[in-house]
Each structure stands twice: as C-alpha cells, then as structure tokens.
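Biologist: I would like to learn how to read helix packing and backbone angles in a model. Could you take me through an example?

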Amino acid sequence: MKRTLTAQALAAAAETTVVALAMQGDDSAFDELVRRRQESLRQFLRRLCRDATLADDLAQQVFVQAWQSIRTLRAPGAFGGWLRKLAANEWLQWLRHRRIPLDSLKQVGELSVAAAPITERMDLDSALSQLPPQPRLCVVLAYSEGMSHGEIATALQLPLGTVKSHIARGAARLRELLQAYG
Amino acid sequence: MPMNTDHDPELTRLFAEARGTLPAADFITDVAERLARVRRRRMLFYCVAVAILMAVLVVLAPDLIDASLAMSAALTAVNSPTFWIAGLLIGGFALLWTRRGLRR
C-alpha cells in the first residue's frame, strides 16, 4: 500500500523520507522535492548558462525527467547528486543540439575576452561564460556545488586526470579574467 | 559536502557570494503545469494502448476460440493409451540410441 503524508508533514520530513515516498509514486512528495531543490538547481544551471530563462527552462525539464525516472534511483540518499547529474546532462545535450563544441579551450576563451570592452567589470558569471562548456561544468561542480574531483569524474564519466586539469586550468583562467577586469 | 582542500579561497568566496535567492512561486507553478501535461499524455497513451489491445482481442477472438477448440481435440487424441505406448517406445529407442552414441 502507498504511504502518503500531509503537506505539513512532508515539509517537515527528512529529504530521504520524501524521496522514498516520491520513488513509490507519491506525487505530492515529488512536488515537495521540487520546492526544496528548485533554487539550488536553478542557481547551478544559471552558473552554466548565464541565461536565466534558459536555465529555468532546463531546470523544469530536469524535474520532469526526474519525475519520470525517479523509480530508477538506487537510494534516496543519492537524490541530490542524481539531480545534478541530470541537470548537467540536460545542459550538455542542449549544447550538443546546437553543435557547440564541449572542450575547445582556446577559441571560446580568447575570442570573448578580446571582444569584451575593457571598461566593463567582469563578474563571476561573465568570466565563467568565457570558459568552454566542459571545463566550466567541472569548475561549477567543484566550486559552486562542492563536489570532489572523484565525484565529478564519476558523475560526468570523465577520467579523473581530465577533471583535475579542467578545474585547475578553468580556475586559473577565471582568476586571470577576474583580475584583468576586476 | 566534501570539498577539495586545493580550492582557490578567493574563487570559493566569489561563488558563495554569487548565490542569491530566486523567486520560487512562478517556477514551481510552471513545473507543476509541465508535470500535469506529462501525466495527462501518459494517461492518454495508456488509454489508447488498452483500447487498441481490446480491439485486437475482439477481432481475433473467433479465431482464437476456433484454434483452442482444435487444439483441445488434438490433445484428446494424444491423451489415449495408444499414444502413451507409442511415446514410451519412441522414448526407449531414443534412450538406447543416445547411450550407444555415448559409448563410441
């Protein structure tokens, strides 16, 4: 039999309980997860896209996907990481659809810096947008989401060395950009 | 959250500062609408699938009944002492033949 909780009880329940209920097909539990996770997911996607409308659209799509496949989640405790992985894949897929290369370090970076007016103050999101997609994703997962290099390598199915190099080079480039325009 | 100790503290600070609060109401409503659309589409798909299955069953029912009656008649013929004896003889010959094959 399916167990359900009232909206109040759901709001007070631990996330693993809410996830477990959503895994059993409880739609109000899933709505509660949307309420709890929407902000961090949208922030994460905004860091990647630098476009609030696109980020929100992708985030909505991620929640729909999560609802469709939440039964495949191996454990309730893995929900946060799983959701981030869905979001990263959704963004990468969006880029692939537009045939944007994921790992072309030089062109994207150099080109945009040259194009930016010198008087403009470079904020974090602008600087992030100068990084190619894959290094940007690794940097955001490490610095914004607090994931370890190993977790990022597993989530993105990339070699650990590649992740470390993306983060080191990406962070160096960010510092350079922020210093040059800061 | 596990953090890497080799993180640049300045970048860590900038990332932490960049986290503002976002208005939630519209977003949650949009997600609810999208989910409702997906649920409706899924329900429609199930209904159409069930309707097609039932239509196929109705069309095939006479043939299925005929086939099952014919099969039961054939099984009645098989279920007789003559067929049992024939079956035992065939089984015995098959056993002997395989044992001879193994001895070679």
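Biologist: Which residues in α8(A) meet which residues in α1(B)?

Modeller: V139(A), V140(A) and Y143(A) in α8(A) meet L11(B), T12(B) and F15(B) in α1(B), where contact means heavy atoms within 4.5 Å. Of the residues in this contact, five are nonpolar, one is polar and none is charged. This is a predicted model, in which local features need pLDDT of at least 70, side-chain atom pairs count only at pLDDT 80 or more, and totals for chains, interfaces and linings use all residues. Residues are numbered from 1 along each chain as its sequence is written, chains are lettered from A and ligands numbered from 1 in the order in which they are written, and side-chain values use heavy atoms, with hydrogens and water left out.

Biologist: How is a pair of packed helices described?

Modeller: By the angle between their axes and the distance between the axes. Here helix α8 (residues 133-143) of chain A packs with helix α1 (residues 9-17) of chain B at an angle of about 85°, their axes 10 Å apart. Therefore α8(A) is roughly perpendicular to α1(B) (65 to 115 degrees counts as such).

Biologist: Where is Q157(A) found, and is Q157(A) buried or exposed?

Modeller: Q157(A) is in the loop between α9 (149-156) and α10 (160-181) of chain A, with a positive phi near 55°. Its relative accessibility is 68%, so Q157(A) counts as exposed (over 50% relative accessible area, 1.4 Å probe, protein chains only).

Definitions and conventions
Helix = DSSP H or I, 4+ residues; strand = E, 2+ residues; numbered from the N terminus. Buried < 20%, exposed > 50% of the residue type's maximum accessible area, 1.4 Å probe, protein only. Axes fitted to C-alpha atoms, helices over the stretch in contact; angles between N-to-C directions. Parallel < 35°, antiparallel > 145°, perpendicular 65-115°, else oblique. Nonpolar A, V, L, I, M, F, W, Y, C, P; charged D, E, K, R; others polar.
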